[in-house]
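Subject: Structure handover

Hello,

Please find the structure below, with its sequence. My notes on what was found in it follow.

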Amino acid sequence: MVGGIPQSVRNLLRIYRTGSICVIACLGLAVATRAGAATLPAPPPLELTFLSTTDTHGHAVNWDYFANAEYPTGGELGLTRVATVVEDVRAEKGAESVVVLDNGDAIQGTPLAYYYGLGDGAEDVIAGTDTHPMARAFNTIGYDALAVGNHEYNYGLDLLSAYDRQLDAPLLGANVIDVATGLPYHEPYELIERTIDGEKVTIGVIGLVTPGVRVWDRQYVDGVLEFQDMVAAAKDWVPIVDDLADVVVVLAHTGKGTVPDADYAAVDLNEDVVQNIAYQVPGIDVLIAGHSHQDNPGTISTNIAGEQVMTTQPQFWAQSVTEVIVGLVPDPAGGFEVDWSASNLPVAEAHYGRDIVVENAALVDALDAQHTTTIEYVNTPVASSLTELPAATSRYEDTPIIDFINHVQALTVEVALRGTEWEGIPVISQASPFSRTAAFPQGQVTIRDIAGLYIYENTLRGVQLTGAEVRDYLEYSARYFAQVPEGAVFDPATGTNSAYADRPQGVPDYNYDVLSGIDYRIDISQPVGSRIGELTLADGTAVADTDLFIMAANNYRQGGGGAYPAIADAPIVYDELLEIRQLLIEWASAAAVIDPADFFVQNWTLGTSPLAVVPSVDPADPVTPADPVTPGDVIGGTDGTSDGDSAGGIASSTTGGSLAATGATDVGVTGGIAALLLVFGAALWVAARRRTARG
């Protein structure tokens, strides 16, 4: 059995398909040779429209829960505007000729998604007494199929299963394998039957998700699910679906990628592989990308077999819905295929939220109660701040608001380790400047303010590192900065988010870490790998390579997100699955007053002049400047929504695999046996093609 389809059934389908082609060819020959037969003009192509979204990240409505206001003019977004486009296009073209798809990362990213995913509303969603707001939104719009994204796993498999059950359309993930059964954990594909201008058309949709889930959400999926290479999985499933459908669409929750096809290795489980799927896998007509939060309305490329494929990636946060229009013409098998002739190539267009004036009233009403509940939740006061604490400069200078995060993390781990073998080992902490606009106002601080600072649902872990590993960690973090001449004035506008082979669009803010508990200086006039100096303990003692530390870190970073050295393989000494954002809320609530004097320590600086202290290292094992990471060594992502996409770089893996090859040999038969098999195969064919989208 391959992909849940018995080999015997697949062989019969191929027999039927082969027999059908022969019959049609013979009939065509007879008609063509009739004396005086007139040449009839070809009928016009059937028009099929795909509307797609991706990386909506909980943005069901046009509301910024952190600002407690609608998004400003020119930045309008949300599924309530997507719904308007869908309704208009269906009215214009007929609902039967419009297919609506989503490419994942829907249930994480806003307080609305958090409240019903991990907050107080999650229990009712899991129990089925309330519907997840994103499922409610997709159902109201009438989506036909959705792919699972990596952030769908952030809240555990119970929540994901509840969300899946509540969707009217299938949630697809062909490369996610249930370890217990060896079969796909999600539906691998869906066949959608439509009648367009009186003709029956079958659209096959396959879902794939970036395999980084195995790292980023290891606490939920380790030992339960395996994630196959996306290219290998596409090579397995596209031929199966191509046999059953007239049009093949792949929902691939992955970015464009940087790995050349000649160097591609499935065992690396690369994170971003759209260009590799498009080139290496024949049979795909429309490829919908995501994960990397880029905007690409439409690009046509040519694959290894000389076929063309349309790739589109809608703008994240439901800022756009892309419309792809394809023409369908009869194929030799009696079905239809996409018309790739020069005069009728598929076309793509993006509809942006900023250009959509009216929100869909039905969807606004459907979400109103949950939206109101979320607003009340995020505006709950938790403490009072003695002064304003902004995060705007936290990328390049030590600020109290980042120290607030590190203080709570380090204190939590330190208290938990009392009475254990690790008590007394210095506890340090890492935190990233997730948001440039976050701030605690002077006076009342609400859950909304804390959620605006710590925007991800990460949990806290503690790992043991040596002094040498901490130094390497800081050197890697410092690659975030662009090198400047000695003594130059640092310009934040040009001096951050430096680009590398694995990060061609620049290292994102969420992959730059600030450490507390030790003192250090960053000299960005030096090359990457030689920037950290004056690395000392709080009492001024130089950090030795053999010193031991416990680092408090979020699960994303400890799991390999960002591809930091050592931390993913370091011994874990603390992991109670406590959510960091909730720890911050609880600390602030218990303290009642947020006073920087309780947690702010000026322990690091950024400069462009020579370091005053030469780093203390073992001469026999000096710190080697880090080379830019190359594809195949690590995997890097650009998804900026959990991926602190939330997704980030992850270490390559030599584990995993692909489904077995699915090719079946065409079988030729004659006489009565052929007739019997043809009838039986036809029945199976009809049954298979009647499998339609739910709802």
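Helices H2 and H5 run roughly parallel to each other (angles under 35 degrees count as roughly parallel, over 145 as roughly antiparallel, 65 to 115 as roughly perpendicular and the rest as oblique). The model is predicted, so local features need pLDDT of at least 70 and side-chain atom pairs pLDDT 80 or more, while totals for chains, interfaces and linings use all residues. Residues are numbered from 1 along each chain as its sequence is written, and side-chain values use heavy atoms, with hydrogens and water left out.

Helix packing

H2 covers residues 79-93 and H5 covers residues 133-141 (helices, H or I of at least four residues, and strands, E of at least two, are DSSP runs numbered from the N terminus). Their axes come within 10 Å and cross at roughly 15° (axes are lines fitted to C-alpha atoms, for helices over the stretch in contact, and angles run from 0 to 180 degrees between N-to-C directions). On the H2 side, Leu79, Ala83, Val86 and Arg90 meet Met134, Ala137, Phe138 and Ile141 of H5 (contact means heavy atoms within 4.5 Å). By class, this contact of H2 with H5 has seven nonpolar residues, no polar ones and one charged (Ala, Val, Leu, Ile, Met, Phe, Trp, Tyr, Cys and Pro count as nonpolar, Asp, Glu, Lys and Arg as charged, and the others, Gly among them, as polar).

H5 also packs with helix H11, residues 361-378, at an angle of about 165° and with the axes 10 Å apart. H5 and H11 are therefore roughly antiparallel, and H5 passes H11 in a right-handed crossing. H5 contributes Pro133, Arg136, Ala137, Thr140 and Ile141 to the contact, and H11 contributes Ala362, Leu363, Ala366, Leu367 and Gln370. These divide into seven nonpolar, two polar and one charged.

A buried threonine

Thr322 sits in strand S13, residues 320-330. Thr322 counts as buried because its relative accessibility is 0% (buried means under 20% relative accessible area, exposed over 50%, partly exposed in between, with a 1.4 Å probe and protein chains only). Its side chain makes a polar contact with the side chain of Ser52 at 2.8 Å and another with the side chain of Thr312 at 3.2 Å (a polar contact is a pair of N or O atoms within 3.5 Å; within protein, one must be able to donate a hydrogen and the other to accept it, and residues adjacent in sequence count only if both atoms are side-chain atoms). Apart from neighbours within four places in sequence, the residues in contact with Thr322 include Phe50, Leu51, Pro297 and Glu349.

Phe490 lies in the loop between helix H14 (467-477) and helix H15 (492-495). Phe490 is 117 residues from Gly607 in sequence, yet the two are 7.8 Å apart, C-alpha to C-alpha. Leaving aside neighbours within four places in sequence, Phe490 is in contact with Tyr396, Phe481, Gly495, Thr496, Ile524 and Leu606.

Asp105, in the loop between strand S2 (98-102) and helix H3 (111-115), has a positive phi of about 60° although it is not a glycine. At 0% relative accessibility, Asp105 is buried.

Asp197, in the loop between strand S6 (189-196) and strand S7 (199-209), is likewise not a glycine but has a positive phi of about 50°. Asp197 is exposed, with a relative accessible area of 67%.

Regards

Definitions and conventions. Left-handed = near helix turned anticlockwise from the far one by under 90°.
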